[in-house]
Amino acid sequence: MDFIMNLPFVTIVLSLFSAVICFAFKDKKARFVSYFLLIASGIMSASVIFYNLSSESGYFVYRMGHYDAPIGNEISAGLLEPSFLLLFEVVMLLSLMGGSHHIMRDVEEAKQKYFAIMVNLTHASLAALCYTNDIFTGYVFIEVCTIASCSLLMLSKRIRALVAATRYMIFSLIGSSLVLVGIILLYSITGHLLFPQLYEAIGTLWSTGEYTFPLTIALGLIVSGLAIKSGMFPFHFWMPDTYGTATPSASGILSGVVSKGYIFLLLKIIFRVIGYEVFLDSNIHYLLFLFGICGMIVGSVSAIKTNNINFMIAYSSAAQIGYIYMGLGLGTKAAIVAALFQIVAHSLTKPMLFLSVSGLSDTVDGRQDFAALNSSAHNNKIAAVSYSAGALSMVGIPIFAGFIPKLLFSASAFGHGVRTYLMLIALAISTILNVLYFLRTLINIYSPEKVQITRKTIRFKDVPVFSVIVLLMSAVNILAGLRSQPIISLFEKGLELFINIR
Amino acid sequence: MNLLINYEAVTSMVLFAIGFTMLVFSRNIMKKILGLNIVDTGVYLFLASMGYIEGKLTPIVPATGEVNALDYINPIPQGLVLTGIVVSVSFSALMLALTVRLYKKYRTLNLDKIYEMCRKEDEQE
Amino acid sequence: MEDIITVFRLLLLISLVVCAIATALSKRVMTALIIFTSYSVIMSVVWLLLRSPDLAITEAAVGAGVNGVLFFITLRKLHLIDKDFADDEDGKIDEGVNVNEE
Amino acid sequence: MLMKNKKVSSLLKEWYEGNLSFDERMDNDSHKKETAEVEEKEIRLVKDVEKAEKELTSKGYKFFSVIFCVILALILILTVNFMPLFADNNTPTTNEVYEHYVGEGRDQTGAVNTVAGMILDYRAFDTLGESFVLFTATCAVLLLLEQSKKQNVKEKESFTFSNDPIVCTIVKIITPIIIVFGVYVLFNGHISPGGGFSGGSVLGAGFILFAMAYGEDKAAKIITPKIIRVITICSLSFYCLAKSYSFFTGNEFNGIHSIITPGTPGDIVSGGLILPLNIAVGLVVCCTMYSFYMVFKRGRLD
């Protein structure tokens with residue numbers, strides 16, 4: 001069974017290779033290559049999970065080249081890496097298939113092969129971000145991910161998407177240049193680039209008190225760079241434009257997968273490079289906690305203020321990312337497991353919301369303001385059902401996936417003094433605000449028609465793939481909500497590995 | 001004073017600050033791209049200066065005979081920078097391509113104005 | 001000899017900072033661009049002094065060559081060679097906005 | 001109290017129906033009561049105030065950005081103050097990794113230029129990623145600027161350099177030299193300074209100059225889009241396959257050992273995979289640069 005240890009590297013190289021293959025294609029057949037790639041790498045990630053669950057250590061390191069760690073390059077796979085990659089692959093595949101007819105509409109025909117190329121490259125970079133054991137490799141694949149995800153946005157025919165892409169690109173570039181400076185500061189004071197050696201060196205430096213100031217600055221730069229790229233609170237301005245204007249598959253991939261990929265890399269850096277103790281000692285987590293809470297409130301308030309349903313969902317993304325950072329900032333293991341589950345719940349829900357909203361707005365000729373969407377549920381029942389599932393999940397109704405992280409967050413909140421009260425109050429306010437804006441849209445789309453506009457009825461047989469996919473996504477969401485225990489125990493085991501194994 | 005000896009690093013950090021300010025605060029998209037390039041070169045200068053050791057040789061070793069590692073400077077920063085330079089040109093090309101498309105539509109390089117016009121158009125729709 | 005090289009290095013570094021500030025403050029796109037190209041040339045000399053000939057070759061070809069050419073072609077294509085940055089910051093927009101072009 | 005309640009409920013209703021706009025609400029209310037003349041005056045006044053405000057904010061903005069720059073620079077310089085010294089012998093970066101790369105690099109990889117040995121053998125995964133950054137950027141620029149032939153006819157009367165006597169004469173003399181230099185740097189990457197990235201960018205610059213001097217039409221006939229595509233695809237695929245082979249054979253549990261030997265250091269054919277990989281990277285870089293130029297200049301590759 002040792003050949004399974006090759007699979008992480010095969011996943012990365014295969015997706016890079018398939019991007020090159022897609023470049024040779026002339027027509028839109030290229031997207032079948034993407035489907036094949038995503039299914040194949042999903043199977044590979046799943047087998048890596050099972051291999052690690054059955055093996056004794058639950059963890060392996062794979063050499064990239066002929067030389068061992070400090071000399072050569074390597075990748076590593078525990079339990080969290082393949083499981084998150086599997087999640088990303090499933091979400092990407094579903095949102096790609098579900099939005100395929102929107103891609104045909106929104107993207108010029110000659111350029112549809114680029115969509116497949118960019119999806120493959122995004123997948124390659126996410127796989128590398130998950131598995132990498134070297135900080136500079138991480139930076140390189142952040143760059144690939146930046147360009148590829150930005151191109152997904154640029155492919156839309158609307159000029160508005162280009163403006164949003166420019167803004168997204170600039171924020172991403174700011175973020176990646178901060179990360180680069182942080183990495184280089186780290187390299188200059190430790191002399192290493194690989195995670196295990198960096199961890200050792202940082203631990204020694206921190207305990208001896210040598211280079212403490214540069215170390216703190218470097219950690220701050222890396223964390224803030226990745227936070228900008230994933231859309232933490234003060235830097236969430238690019239989110240509504242970006243997610244609101246792209247074609248639904250692209251917004252699903254961008255919000256559900258790409259920003260989570262950066263967060264996962266941040267998590268990996270916190271545990272495998274900085275070290276759990278040093279991270280708690282450096283007090284960066286208080287900042288993360290504070291910004292997370294601000295993000296939850298501000299994102300929700302902005303979502304209430306807007307009149308465009310896509311923008312509303314995008315602002316709610318900002319709020320949900322606030323939850324994740326709040327969990328990271330609390331710093332206890334239980335809170336981090338809750339944040340991990342929040343990543344899962346959000347990645348499963350957001351693409352579904354974007355897809356079903358596009359299904360609803362198709363009935364009124366692509367308009368996205370609330371006035372037009374009034375009573376559109378009656379014209380596209382399947383999209384309405386999955387939209388309701390997504391909205392309820394975001395609000396945090398039991399049996400949906402979104403309920404579990406809220407439960408875990410409130411359970412983990414106790415025993416931290418002021419932070420307990422802050423967190424509980426923030427959770428309560430944010431839930432109330434969530435209820436406000438999601439229930440409003442739900443009532444709006446189901447209520448009887450008030451304004452007379454031309455409507456088109458969309459039935460199952462018009463868009464069979466879309467309908468099957470959105471229903472499947474709702475089912476997956478409910479499944480994750482009902483059978484959450486195995487996932488939580490998997491995350492707990494994975495987190496233990498992250499903290500303990502070097 | 002460490003700063004007087006570390007003058008290369010100080011220069012690179014000043015360059016980084018100038019470039020970063022251009023990247024963040026400049027309204028003109030062309031200046032943003034130039035700022036991005038300055039940021040990159042500043043960071044690379046910092047990295048290269050950290051690898052430099054006084055009185056040592058370029059890391060190209062003789063083809064035969066013993067090699068004494070301590071006679072040569074550190075090759076790692078050079079390798080990292082080498083790949084980085086080529087990558088930063090691809091970033092600026094991408095941003096320039098975006099500029100061309102945006103300018104053709106809005107006839108201005110000012111990003112704030114582009115956002116504003118874009119928003120107005122949206123309201124009209 | 002060492003002292004001369006140190007002085008030379010300092011001079012180069014100071015001119016780098018001057019070039020960067022001039023790029024940031026210049027009012028014309030073209031001026032900023034030309035200054036930036038000279039910045040790249042100085043950078044390649046700095047790299048030669050840091051004993052990194054690989055970087056010097058690459059920077060000379062990429063920073064001063066290809067990058068500059070791409071910028072110039074973009075400006076030329078958009079008819080911006082003589083344009084000031086100041087125009088953009090005042091709030092005036094060029095006549096003849098061609099909305100239908102895209 | 002009742003009035004207030006009514007107002008709140010009507011506001012809520014408006015919000016629920018999606019007709020409530022938070023930003024302009026106040027303006028609408030105040031303007032409704034005014035007569036047309038007053039309104040005009042007010043607008044003029046508002047415009048003046050806006051203009052003054054804009055000037056102020058523009059100045060404040062610049063001032064603020066300069067302050068930001070200074071603060072950022074000071075923080076970073078303070079960081080540098082605590083950093084290891086420049087040109088020092090005992091920096092943390094002078095560790096066993098560096099000693100291994102320089103000391104054993106030649107015998108293990110066969111490359112006399114340790115930089116090439118490092119980026120293409122020890123840390124080849126990074127370089128694989130970097131060449132894919134180039135590929136991604138090429139695709140992104142193509143998807144942004146590439147036009148079909150029909151669209152392109154409009155822009156045909158674009159500018160050209162091939163009539164310019166100064167550019168033409170000089171470029172015709174130096175282009176062959178640059179291209180020969182690029183090829184030399186590319187092929188000698190493992191025994192002298194240079195390699196894939198340097199040589200490729202020099203070659204790319206040479207081809208750009210060639211296209212400038214002889215006209216893009218002529219250049220497009222020699223270097224057709226098909227050639228560019230084929231070269232890019234072949235080099236990247238070769239890179240992927242070659243590196244997969246060395247990653248696969250690098251782990252003992254696979255039971256296969258690499259048959260590639262470093263050869264005699266210093267020879268042109270030595271260094272195992274380094275020479276072919278250098279060529280592949282160089283071709284990718286060269287094609288990227290050249291296609292950037294062509295797409296920016298003409299809107300398509302040919």
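Tutor: Happy to; keep in mind that this is a predicted model.

Student: What makes helix H3 of chain B a helix whose span agrees with its length?

Tutor: Helix H3 (residues 29-51) of chain B has 23 residues, and at 1.5 Å a residue they should span 33 Å. The end C-alpha atoms are 34 Å apart, which agrees.

Student: How do you know how chain B compares with a compact globule?

Tutor: A compact globule of 125 residues would have a radius of gyration near 14 Å, but chain B has 21 Å. The C-alpha atoms of chain B fill a box of roughly 75 × 40 × 15 Å along the principal axes. Chain B has five helices and zero strands, and buried residues make up 68% of its 125 residues.

Student: Which helix gives the most to the side of chain C that touches chain B?

Tutor: The contact takes 38 residues from chain C and 41 residues from chain B. H3(C) gives the most to the chain C side, with twelve residues. That side divides into 24 nonpolar, five polar and nine charged residues.

Student: What does the largest nonpolar core contain?

Tutor: It has 352 residues, and those with the most contacts inside it are Leu153(A), Val141(D) and Ile208(D). Helix H7 (residues 159-190) of chain A supplies the largest share, 22 residues. Ile208(D) touches residues including Val66(C) and Met289(D).

Terms used: Residues are numbered from 1 along each chain as its sequence is written. Chains are lettered from A and ligands numbered from 1 in the order in which they are written. This is a predicted model: local features need pLDDT of at least 70, side-chain atom pairs count only at pLDDT 80 or more; totals for chains, interfaces and linings use all residues. Two residues are in contact if their C-beta atoms, placed from the backbone, lie within 7 Å. Helices (H or I, at least four residues) and strands (E, at least two) are DSSP runs, numbered from the N terminus. Ala, Val, Leu, Ile, Met, Phe, Trp, Tyr, Cys and Pro count as nonpolar, Asp, Glu, Lys and Arg as charged, and the others, Gly among them, as polar. The expected span of a helix is 1.5 Å times one less than its number of residues. A nonpolar core is a set of buried Ala, Val, Leu, Ile, Met, Phe, Trp, Tyr and Cys residues joined through C-beta atoms within 7 Å. A residue is buried if 20 or more other C-beta atoms lie within 10 Å of its own, exposed if 12 or fewer, and partly exposed in between; C-beta atoms are placed from the backbone. The radius of gyration is taken over C-alpha atoms; the globule rule is 2.2 Å times the number of residues to the power 0.38. Lists of a residue's contacts leave out its neighbours within four places in sequence.
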